[in-house]
Amino acid sequence: MAVSPEDELGSLLPRVGIRPPGPASRALAERLRSVESRNVTFLADDWPVFWEEAVGTNVRDADGNVYLDFTGGFGVALLGHSSPPVVAALCEQAGRLMHGMGDVHPPSLKVDLLERLTALCPWNESVGVLASTGSEAVEIALKTALLATGRPGIVAFEGGYHGLTLGSLAATSRALFRKSFEERLYPGVAFAPFPEPWRAGGTSAEECLDRVGQLLKSGAPNGDPVGTLLVEPIQGRAGVRIPPDGFMEALSDLAADANVLVVADEVFTGMGRCGPMFASELVGLRPDVICIGKALGAGLPLSACLAGRSIMSAWPESEGEAVHTSTFLGHPVACAAAIAALRALDPATRGERVAERGARLMRQLKRRLSDAPGVGDIRGAGLLIGIELVEDDSTTPAHGAAARVAAIALRRGLLVLPAGEAGQVVELTPAVVVTDEQIDFAVEVLVAAVEPGG
Ligand SMILES: Cc1ncc(COP(=O)(O)O)c(C=O)c1O
């Protein structure tokens with residue numbers, strides 16, 4: 001049967017024929033339950049659906065339901081799922097060179113990608129290390145800062161999420177992730193509060209800066225002197241927490257005065273998710289080291305740690321054994337995808353396109369939801385937007401409310417994720433190809449879902 005263009009996945013509105021999760025998703029959940037460790041996938045009566053296909057802003061599940069994806073697959077698909085130029089580049093590359101020898105006989109594309117990435121950096125002469133996941137990029141940044149400063153202590157932030165590998169987990173604040181592994185975690189990380197200007201009684205920027213200033217002086221909880229300030233320019237998984245004006249500049253000043261390196265974890269916010277290539281620019285943070293991941297590989301696992309040459313020169317020159325590397329470093333197919341993604345959404349213009357789509361979504365959300373009961377705040381930058389849900393007193397975070405909204409939205413064909421320490425923020429990270437019609441649809445679904453009893 002011929003498929004008419006209006007049936008092609010990409011920019012469709014949802015088509016939910018079977019209440020999700022349908023029988024095929026449920027059957028897959030049962031099979032998964034018997035083969036995957038129970039700590040990984042949350043399985044419940046109303047969650048999850050199993051993805052079969054994704055193009056643009058659409059996802060088709062195992063039951064044939066079509067969804068509108070406002071998660072961007074954890075913020076990865078900034079260009080949309082299976083963006084045609086990316087797919088063409090990676091297919092071509094896979095047929096030519098599927099795997100290389102990253103730090104020994106490198107694939108030529110590694111050079112091309114690093115040239116492009118370092119050209120985007122804010123320093124005069126920049127160099128980088130490629131890796132596969134965001135956590136690994138953070139690990140490399142933490143190693144780099146230790147080598148460059150000789151001071152192991154780290155100041156990070158409450159709410160900060162930097163990954164779950166042991167090094168990055170030591171700087172990730174959420175107790176749920178840490179509690180079973182405390183004995184394995186480096187004890188020299190001090191957590192400072194992150195400002196919450198939208199919340200009555202929330203910690204102010206001044207209080208946060210005072211605390212950071214003290215910690216930089218007093219050292220880490222284990223007495224180690226501090227050499228690293230690790231910060232997300234906008235906290236993503238903590239619930240799209242946007243720092244108040246001037247906060248990140250002042251933070252950069254404090255770090256500079258203490259001769260401490262600023263590591264910007266831009267795994268979520270970078271590559272244009274918030275508009276500019278790096279969100280640090282948007283919020284006034286002056287990083288010494290930048291970590292990127294997620295949208296970088298446009299769907300393939302790829303990350304990088306970037307810094308000025310003078311800092312990176314703290315690493316010893318390789319004499320045959322790289323002291324930090326990995327089997328898949330500079331993976332040619334991932335590099336091809338990233339290069340195609342950088343070409344498809346030109347760094348010079350991507351900011352404007354992201355800002356335009358984000359502004360439209362934000363306008364609609366504010367118009368329809370600002371006064372809705374239970375909505376405490378709507379905030380965002382570019383295509384990273386959060387809706388904070390609150391209790392009746394309009395300040396207390398509504399515990400678990402965003403998961404309830406996500407489950408309701410799923411039934412209506414909209415994919416969103418909960419975020420925030422209390423699961424109180426609906427996080428929206430759609431692709432830049434999202435259409436006006438899709439934005440309007442998503443907003444209507446969210447309006448209905450946040451209503452009490454939605
Ligand atoms: C800011 C930030 N840093 C690091 C990570 C970890 O990245 P990955 O899950 O690719 O290891 C994430 C993932 O969500 C993130 O949001």
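Visitor: Start with H4 and H12. Which residues meet there?
Guide: Leu109, Lys110, Asp112, Leu113, Arg116 and Leu117 of H4 meet Pro332, Cys335, Ala336, Ala338, Ile339, Leu342 and Arg343 of H12. Contact means heavy atoms within 4.5 Å. Helices (H or I, at least four residues) and strands (E, at least two) are DSSP runs, numbered from the N terminus.

Visitor: And what is that contact made of?
Guide: Its residues divide into nine nonpolar, no polar and four charged. Ala, Val, Leu, Ile, Met, Phe, Trp, Tyr, Cys and Pro count as nonpolar, Asp, Glu, Lys and Arg as charged, and the others, Gly among them, as polar.

Visitor: Is this experimental or predicted?
Guide: This is a predicted model, where local features need pLDDT of at least 70, side-chain atom pairs count only at pLDDT 80 or more, and totals for chains, interfaces and linings use all residues. Residues are numbered from 1 along each chain as its sequence is written, and side-chain values use heavy atoms, with hydrogens and water left out.

Visitor: Back to the helices. At what angle do H4 and H12 cross?
Guide: The axes of H4 (residues 108-119) and H12 (residues 332-344) cross at roughly 40 degrees and come within 9 Å. Axes are lines fitted to C-alpha atoms, for helices over the stretch in contact, and angles run from 0 to 180 degrees between N-to-C directions.

Visitor: Left-handed or right-handed?
Guide: The crossing of H4 and H12 is left-handed, meaning the near helix is turned anticlockwise from the far one by less than a right angle; clockwise would be right-handed.

Visitor: How about H13 and H15?
Guide: The crossing of H13 and H15 is right-handed. The contact residues there divide into eight nonpolar, one polar and six charged.

Visitor: Now the ligand. What surrounds it?
Guide: Thr133, Gly134, Ser135, Tyr161, His162, Gly163, Glu232, Arg237, Asp265, Val267, Phe268 and Lys294 do, each with a heavy atom within 4 Å of it. That shell has three nonpolar, five polar and four charged residues.

Visitor: Which polar contacts does it make?
Guide: Taking a polar contact as a pair of N or O atoms within 3.5 Å, a ligand nitrogen is 2.6 Å from an N or O atom in the side chain of Asp265. A ligand oxygen is 2.9 Å from a polar backbone atom of Gly134.

Note on methods: A polar contact is a pair of N or O atoms within 3.5 Å; within protein, one must be able to donate a hydrogen and the other to accept it, and residues adjacent in sequence count only if both atoms are side-chain atoms.
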